[in-house]
Amino acid sequence: MLSYHRVTITAMACAVVMAATAWGGDGIRTTKRPNLIFVFSDQHSWDMLGCNGNSDIMTPCFDKFAKQGVRFTQCISNSPVCTPYRGILMTGQHPLYCGAMQNDLQVLPGHSNYLAEVLRDAGYRTGYFGKWHLYGGDRVRPVPAGPLRYGFDNDFLTNNCTLLFDAKRAYYWDAQGNKQLYGKWEPYAQTDQALAFIERQGTGPFALFLSWHPPHNWGRAHEGYSAPEDCLALYDPAKLHLRPNVEDSPAVRLKYQGHMAMITSLDRSFGRLMKRLAERNLADNTLVVFTADHGDMLMSYGWPNNKGRAEDGSCRVPLLMRFPGRLVPRASRLLIGTLDLMPTLLGLLELPVPETCQGHNLTEAISGQDDDAVESQPLFFLPADWRGIYTRRYTYAFTVNPDSARSQTFSDNLLYDHQKDPWQLHNLFNSPKHATTRKQLHDATLRWMERFGDTGFQFQALLEQVVRDEDWPLASLPPQFRGRGWEGRLKGRPVDFLPLKPPRKPGAELLKGLTIRPADVVTVRSERLKLSAKPPRVWAEGTKLQRLRPLGPNTGVPAPNAVDPDSIVVRYNGRVLTKGADYLADKTYGTLGLAPNSKISAQDDVEVDYRFSLRRIDSIVTTVDNRRVVRVGKSHLTVPMPPTLLETDRRLANVFVDYFSDGRHVDVFPIEQPAIDAMTFTTPNRIPKTLAKLRQEKPVTIVAWGDSVTAGGDASSPETRYPVAFEQRLKKKFPKAKVTVRTVAVGGSNSRQWLYPDRFPGRNPQGTRWQRIVDADPDLVTIEFVNDSGMSPQQVNLVYADILKRLRKIGAEVILITPHFTMPAMMRMPTLHELDRRPYVLALRMFAARHHVALADASSRWAHLGKEGIPYVTLLRNGINHPDDRGHAIFADELMKCFE
């Protein structure tokens, strides 16, 4: 089973504000902020460096640098094409959010949230030299000063994007927008500009970005990979070792010669840059990074293009980092992707990470040498309509548009085992032996897609929606036919223009030939009540119909949507009262109250007739003689159970028959996975002090802090409340330790009412006192607040940072608990088959990852219920927001995983 990944990404990354200090070469903190030099080449695969095992290529400067810093062996270009990579790098966002979906689309403005903008606002002088390829549209034009330089407001010299690197033709646009010839091999000239930038710097910090075009092949096919003559002379094509997945030929060997010669020219340029840094005594206080935007297939598998594939030749790139006194030199197998670069660079520089970032800040993992912190990286190339995933063991990709012209000529469906097949010679996508692995990887890929709001759309349909109307006539053409005069501008974020998919109705084919009985309907006559003087307000106020209460008469709240509002008839002394004039009724909950000018009073008895429905879960099974039949379940107001089967039955799916269903409009839940296969973000081994005490058989006090669910909700007995169930499980796991779990909870409260009672007064000020937690003297505090679900990610960061600070002050560790699901209207779910999209939940996961605190991810378990064949709403005892005993058990189960 694949776990999702230990370091969370976020659909949105959380802000981290750190001290603006730096590290000197001797490991002593200095007051001067460190500099940043970020160097990247174009179309440069991981295997094209000597330090990465290539015995042919001559890269002595890169190899020396690799020994001085961290050499990452598994750096992944999440979207391995020029503009998509550069857009992700500079914005920290998926292309569906920043606009960099394909080459020559213009990235949207950053509003101070992009990488160079954060550096600029922190006092860095910014410089950019070399290939840009973010301006969009016509490539042969200067990039104007302003927001479309995305924070590079000081030195900015670029030709945007050309494929002419020789001394006679290579050029750039100067500060006045005039075309200037470099007069030498382009990377050498761009390095000259970068060196001049370093010389101009004063005492303040600087951020230098140097983007070389090579080893990208030249624009005209016959020019191939031509490089400076002295570099070409270093390589004999006949003696080069080609990749095992390449068909040998003289033409291919010439490509390899030119490609390697180009890289040697870059190595020389990089050596000059590092020498100047040392001469200026800047090396010890500068974070230097070398990487590439994507790889080059170099004719692997006969692929006629260079990139845009999920294989290593395209998506796996070099990454070297040196930061003296901060990063220990070593080789690291940490999985790091393009989405992680911006937040990680800012994290290493101890600068705030904008909430808009969607990758991991891997500062702690790199500094702490935690190479297992990330278990997967997303792969995608939207214009080619494929998506995939990269794990330490496998690469997987699939096409979302099998009817496309590309799919007819070259398949994007692939599955490779890195361990057994490092050169990816054997595609296992259709291997029966790997069907389970393929399904697991496919599910994990879908989870990544869900995280970014990627619905598996067809690219051309989205492009037509999001490109500005005046640009569409040219944008609709293949790139090579667009020519001059177009801008590549977008109307807004592509994610906001995604074609919506119809509500998911899985398992409909299982219903063919079967009949589902309609939902049971109950008619109530002459129920005696008194009408409330207060008007009905959902479940909180008003007279409640007795038969609509899941917990029995006079207890609990009414089940939502169970009543037929048109069936309600109220009589007083045999006379039928008029709705609106004599009484009011809430159509969702069936609660009643007096109308403002009613002729009767709250002391008068009335009789009420009404109809309500029950829910049911039926099961589709195969019998011993291989027939498909329906086993009918028992109806219940809110929490029906699947029927008990015969020993010879095999359950295929459960059918949810909701209130007033006619038997045709039902939800089918195929049995796809058992609960044990649920992928969650729950984190073991992040409560070391508590675990040590338990193993040493010392007393441990745990406070279960939260709202009504922690207080017990609608559990059927005190023993089934999750804090009690958790305590019993813990005592069973550590039988000799003295474990005490104390519940400190108030129904209807949220965390801010406990922390800031003056600003957020609650209904129970005596109950919601922070001092109650302090007085319990806990070793560990678990935190569950479904009532925090309305928080924005920024509020989560601020509030939970304060909670963490307070708990650490009293020496307590913490487990954050993501909340259970509530009724669909509260979750804003169009169907019962959706994943959890609540920003609060995503932010809580990110907060736990950033601060390395424990997380019990109950939300993912609730999201998985559908795959287990269980409609999640049937675990809500009150039909609204309180789980039944099974829901409480989920909390206890996920908490226990933190103790593994």
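The largest nonpolar core holds 100 residues, and those with the most contacts inside it are Phe 38, Leu 96, Met 101, Leu 119, Trp 132 and Phe 209. Here a nonpolar core is a set of buried Ala, Val, Leu, Ile, Met, Phe, Trp, Tyr and Cys residues joined through side-chain atoms within 4.5 Å; buried means under 20% relative accessible area, exposed over 50% and partly exposed in between, with a 1.4 Å probe and protein chains only. Helix H9 (residues 338-348) gives the most to this core, namely six residues. Helices are DSSP runs of H or I with at least four residues, numbered from the N terminus. Another core, of 42 residues, lies apart from it and includes Val 709, Val 739, Ile 890 and Met 896.

This is a predicted model, in which local features need pLDDT of at least 70 and side-chain atom pairs count only at pLDDT 80 or more, while totals for chains, interfaces and linings use all residues. Residues are numbered from 1 along each chain as its sequence is written, and side-chain values use heavy atoms, leaving out hydrogens and water.

Beyond its neighbours within four places in sequence, Leu 96 is in contact (heavy atoms within 4.5 Å) with residues including Met 101, Leu 382, Phe 452, Arg 493 and Leu 498.

In helix H17 (residues 722-733), the buried residues are Tyr 722, Pro 723, Val 724, Ala 725, Phe 726, Glu 727 and Leu 730.

Turning to the cysteines, the structure holds zero disulfides (pairs of cysteine sulfur atoms within 2.5 Å). The sulfur of Cys 51 is 12 Å from the closest cysteine sulfur, that of Cys 61, and therefore too far for a bond. Cys 51 counts as buried at 18% relative accessibility, and Cys 357 is buried at 0%.

Conventions: Helix = DSSP H or I, 4+ residues; strand = E, 2+ residues; numbered from the N terminus.
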